[in-house]
Amino acid sequence: MNSESVKALLPHLPVLVALGEVEHVTVAAAMLGMPQPTVSRIVRRLERQLDIPLLEPDGRGVRLTDAGRTLVPYAQRALEAVVDGLDAVQSEDRRARATVRVAFQMSLGEHLVPELIRTVRATDPTIRFVLSQGARRTCLDTLLNREADIALASRLTPPPEGLTVTPLFEQPLVVLVPSEHPRAASTSTTIRDLASEPIVTLKPGYGLRGSLDDLFARAGALPTIAFEGEDVHTVHGLVASGLGVGIVPATDTPPPGCVQIRLDDPRAFRDIGAARLPGPPSVAVTTVIAALITLTSTESGETP
């Protein structure tokens with residue numbers, strides 16, 4: 001039997017399976033919600049396609065032939081396979097709708113992201129997270145490429161073109177100097193004061209580097225870049241070793257070997273927000289955004 005013949009049989013398999021259960025045309029029709037003549041026509045069509053009898057008289061009723069009884073279990077398995085396939089697809093769809101892919105800047109992975117996951121799981125343990133981290137530009141590219149549902153990043157005010165942004169909080173930026181630095185006893189300093197200092201910062205593409213470049217540009221000064229790293233902890237270590245000064249998010253406790261100095265500039269902060277693509281978000285994404293708003297509304301900032 002060729003594939004076209006098999007395809008022609010498939011729509012009629014539920015009738016054969018029902019007859020295998022009750023061996024009664026009228027009862028099978030009622031089970032299937034079909035008129036009895038329709039079931040009879042389907043049986044005759046099956047018999048013509050297979051070129052074998054499936055029913056035979058049995059008193060006032062009918063019964064399956066031996067060929068019919070042989071075929072019924074295979075028809076049952078075929079239908080069950082289709083049902084299993086549909087269940088698998090629906091389960092995968094539910095899983096996809098309950099999965100939230102979050103791309104985040106590396107400095108947000110120490111506190112905000114773990115707290116977010118803990119908070120969401122406490123209210124809806126079915127939500128699954130897929131995490132990726134990197135520079136600000138990497139996070140936004142991941143979102144624009146539809147490889148993430150949410151990007152947690154800095155410098156999202158105003159919102160980048162093509163993105164919807166939920167503002168979360170602002171982080172003050174401070175100057176970080178070695179404990180033995182001449183400025184360590186100062187209470188504040190300016191960008192122009194730092195023009196002659198070797199600067200330790202992050203590589204281009206990172207949000208913190210963009211904030212530093214903006215601050216120097218607005219002050220009409222050029223930074224002297226001594227070292228470029230890929231995470232804030234590296235900046236902390238290089239500054240503590242006396243290799244330069246940095247502009248970093250303020251922390252409650254300065255890193256060992258370092259002193260934080262207030263940066264006397266009204267723009268010395270970076271905004272943190274949750275960006276996503278336009279359009280109605282899934283229920284899971286909405287839940288995560290709501291949790292972010294709740295978490296950050298009670299905090300003044302994020303520990304890098």
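User: Which residues does I191 touch, leaving out those up to four places away in sequence?

Analyst: A contact means heavy atoms within 4.5 Å, and by that rule I191 touches L215, F216, A219, I247, L263 and D265, not counting residues up to four places away in sequence. This is a predicted model, in which local features need pLDDT of at least 70, side-chain atom pairs count only at pLDDT 80 or more, and totals for chains, interfaces and linings use all residues. Residues are numbered from 1 along each chain as its sequence is written, and side-chain values use heavy atoms, with hydrogens and water left out.

User: Which residues touch the most other members of the largest nonpolar core?

Analyst: A nonpolar core is a set of buried Ala, Val, Leu, Ile, Met, Phe, Trp, Tyr and Cys residues joined through side-chain atoms within 4.5 Å, where buried means under 20% relative accessible area, exposed over 50% and partly exposed in between, with a 1.4 Å probe and protein chains only. The largest such core has 30 residues, of which I191, F216, I247 and L263 touch the most other members.

User: Is L10 buried, partly exposed or exposed?

Analyst: L10 counts as partly exposed because its relative accessibility is 45%. Helices (H or I, at least four residues) and strands (E, at least two) are DSSP runs numbered from the N terminus, and L10 is placed in the loop between α1 (3-9) and α2 (13-22). In space, L10 and L79 are 8.8 Å apart, C-alpha to C-alpha, while 69 residues separate them in sequence.

User: How many bridges join β3 to β4?

Analyst: Two strands pair if DSSP finds at least two bridges between them; here seven bridges join β3 (residues 99-105) to β4 (residues 128-134), and the two strands run parallel.
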